Amino acid sequence: MRVVFAGTPEPAVPSLRALAASDHEVVGVVTRRDAPLGRKRVITPSPVALAAGDLGLPVIKADRLDDDATAAIAALQPDLGVIVAYGGLVREPLLSMPAHGWINLHFSLLPRWRGAAPVQHALIAGDRTTGAAVFQLVPALDAGDVFAQLTWEVPEDATAADVLAALAVSGASLVGDVVDAIGSGTAEAVPQAGEPTLAPKLTIADGALDFSQPASRIVDRFRGTTPEPGAHASIGGQRLKVLAAGLGPAGQDDLPPGTVALRDKRVLVGTSGGAVELITVQPAGKAGMAAADWWRGLRTDEPRFDLPEGAR
């Protein structure tokens with residue numbers, strides 16, 4: 001089959017490489033335009049654009065699948081569209097243009113966590129099992145029939161970046177199997193079953209850690225917002241980025257919520273249940289550093305993170 005692929009970030013690259021190595025012909029790759037990256041804001045191609053260049057595949061760069069992008073894709077005469085984290089919506093007439101339509105690799109067990117940030121929301125919610133699904137793209141958000149899915153047990157210390165990296169690899173195999181089945185005419189899709197939950201794009205505010213909550217909930221939020229949009233907390237009115245954290249040792253329930261203490265060379269923060277250990281942090285305007293070094297530089301005898309109004 002003639003396949004057009006749409007994707008942008010690193011988690012989409014394994015699926016592109018799998019399709020390029022298959023018996024199908026990848027006739028074009030659609031990705032978002034080059035964007036500024038890093039502190040110096042260097043204009044940089046997307047990971048998918050770089051991978052497509054390495055593979056010698058033609059690239060269409062578009063931030064939206066508008067009339068121009070639709071015309072460029074139509075000229076490729078694809079039999080199937082495959083989309084993985086492209087970052088834009090596929091609407092008619094493009095949706096129905098390929099003979100087999102479009103399929104989407106989504107990083108959740110649909111219908112749970114439909115939307116732009118399924119892995120992040122799954123971790124924030126404390127899900128211990130997640131997965132990936134390949135489904136038929138339809139106008140409604142992530143609502144199409146599912147061709148195949150896989151489940152994956154989430155390691156206790158895995159961040160969103162870790163989960164996405166793992167599911168990107170296993171999901172690429174899933175995409176390849178579904179594309180093969182569609183090409184051979186044996187593919188079967190089933191309607192999604194269960195109550196949908198939504199996973200909208202996260203904002204910086206979603207990364208705020210509230211130390212008036214139990215330690216397990218705080219660590220879940222840290223994991224779900226690392227590396228993007230980034231976990232953080234406020235101390236003395238100053239934002240502190242939390243780059244690495246985990247559950248503190250048992251028996252630390254004497255620390256009041258938000259209170260910071262150095263115990264056995266570990267920086268612990270009290271919560272409403274247990275303690276959170278800060279491992280690596282980044283104060284405003286500074287580079288990341290060991291939490292113990294940051295703690296030693298605090299100019300107060302009783303450091304304490306700011307808590308939400310009503311939680312103090």
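Which residues does S108 touch, not counting residues up to four places away in sequence? They are W113, P118, T130, G131, A132 and A133, with contact meaning heavy atoms within 4.5 Å. The model is predicted: local features need pLDDT of at least 70, side-chain atom pairs count only at pLDDT 80 or more, and totals for chains, interfaces and linings use all residues. Residues are numbered from 1 along each chain as its sequence is written, and side-chain values use heavy atoms, with hydrogens and water left out.

S108 sits in the loop between β7 (102-106) and α4 (118-124). Helices (H or I, at least four residues) and strands (E, at least two) are DSSP runs, numbered from the N terminus. S108 counts as buried because its relative accessibility is 0%. Buried means under 20% relative accessible area, exposed over 50% (1.4 Å probe, protein chains only). The S108 side chain reaches the backbone oxygen of R112 at 2.6 Å. A polar atom of that side chain also lies 3.4 Å from the backbone oxygen of W113.

V48, A49, A51 and A52 are buried. They lie on the same side of α2, because they cover an arc of only 165° around the axis. The arc is that of the directions from the helix axis to the C-beta atoms. The buried residues of α2 pack against β1 (2-7), α1 (13-20), β2 (25-31) and β5 (59-61). On the other side of α2, G53 and D54 are exposed. Just after α2, G56 adopts a positive phi of about 70°.

How values were computed: A polar contact is a pair of N or O atoms within 3.5 Å; within protein, one must be able to donate a hydrogen and the other to accept it, and residues adjacent in sequence count only if both atoms are side-chain atoms.
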